[in-house]
There are 2 protein chains.
Amino acid sequence: MISSKLFGAYKLFFGTLANDSRLKIVNVLRDGPQCVNEICESTRFEQSLVSHNLKILEYHGMVFVERKGKYRYYTLNKKTIQPLLELIDAHMKQYCCKILEGQR
Amino acid sequence: MISSKLFGAYKLFFGTLANDSRLKIVNVLRDGPQCVNEICESTRFEQSLVSHNLKILEYHGMVFVERKGKYRYYTLNKKTIQPLLELIDAHMKQYCCKILEGQR
DNA sequence: TAAATATATGAAATTAAATTCATATGAAGA
DNA sequence: TCTTCATATGAATTTAATTTCATATATTTA
């Protein structure tokens, strides 16, 4: 049995990424760091939504921020998040194709 | 840029595991297959809740069912879900200890 | 075949998360 | 220092997911 602490961790982890906006932001950042305005443009989301969600992503160690003058550059955590996304690709491609094609 | 299809896949994947009940069920199944009643006992969840969530887990390829007489045995997908959980362990231990200790 | 056991399911009720709106903060340039 | 640009944030609203309750179905056993 895993510890209840680690158990809570899973909840936090999945909860953070079970959201369209954050998922899109994370994917946009796969191409490299961007400041908030750039993320707004890339995602077509409004600024407030982007900020709220960046905060959540940062809080969970999925992105890092660096201030450069008046800009804040957000970077994806490539050490853990990137390989994870790839593993999930593999799972979904194998088991969830039907779902994605809409044929239940 | 990832395809929108794969993008939808992420949403499905994380959404499925961003839930206390399903997470607990998945963890219980790490120790080996169990039928619904056994899962109810292991998790202390009521039967209806367990069934609803097993259905979701199965639908996303995270568990498999096998009927044995009047019982239905559920097995964790060890090929993809188990290694995934381990990768996530690593991420959370490194980046989310503070969160889990309650010190924001 | 009637009763008991195991599991599933629809729909209502509950609970929680996400988005928007209005506004605040903070740095930089005129 | 006033204005503008970049970003953050609280609170209200909206939207969505989860749980519960009542009941259905399916298999086995008496």
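**Close-ups of a predicted protein–DNA model**

Residues are numbered from 1 along each chain as its sequence is written, chains are lettered from A and ligands numbered from 1 in the order in which they are written, and side-chain values use heavy atoms, leaving out hydrogens and water.

**View 1. Who sits around Leu85(A)**. Leu85(A) belongs to helix H5 (residues 81–95) of chain A; helices (H or I, at least four residues) and strands (E, at least two) are DSSP runs, numbered from the N terminus. Setting aside neighbours within four places in sequence, Leu85(A) touches Val26(A) and Arg30(A), plus Tyr10(B) and Phe14(B) from chain B (contact means heavy atoms within 4.5 Å). Asn27(A) is 58 residues away along the chain, yet its C-alpha atom is 9.5 Å from that of Leu85(A).

**View 2. H2(A) meets H4(A)**. Here helix H2 (residues 20–29) and helix H4 (residues 47–59) of chain A cross at roughly 80°, their axes coming within 10 Å. Axes are lines fitted to C-alpha atoms, for helices over the stretch in contact, with angles from 0 to 180 degrees between N-to-C directions. That makes H2(A) and H4(A) roughly perpendicular (65 to 115 degrees; under 35 is roughly parallel, over 145 roughly antiparallel, the rest oblique). H2(A) brings Ser21(A), Arg22(A), Ile25(A) and Val26(A), and among the partners from H4(A) are Leu49(A), Val50(A) and Asn53(A). By class, the contact has seven nonpolar residues, two polar and one charged; Ala, Val, Leu, Ile, Met, Phe, Trp, Tyr, Cys and Pro count as nonpolar, Asp, Glu, Lys and Arg as charged, and the others, Gly among them, as polar.

**View 3. The protein around DNA strand C**. Look for 22 residues surrounding DNA strand C, with Ser48(A), Gln47(B), Ser48(B), His52(B) and Tyr74(B) the closest (near means a heavy atom within 4 Å). H4(B) gives the most to this surface, five residues. The surface has five nonpolar, 11 polar and six charged residues.

Technical notes: This is a predicted model: local features need pLDDT of at least 70, side-chain atom pairs count only at pLDDT 80 or more; totals for chains, interfaces and linings use all residues.
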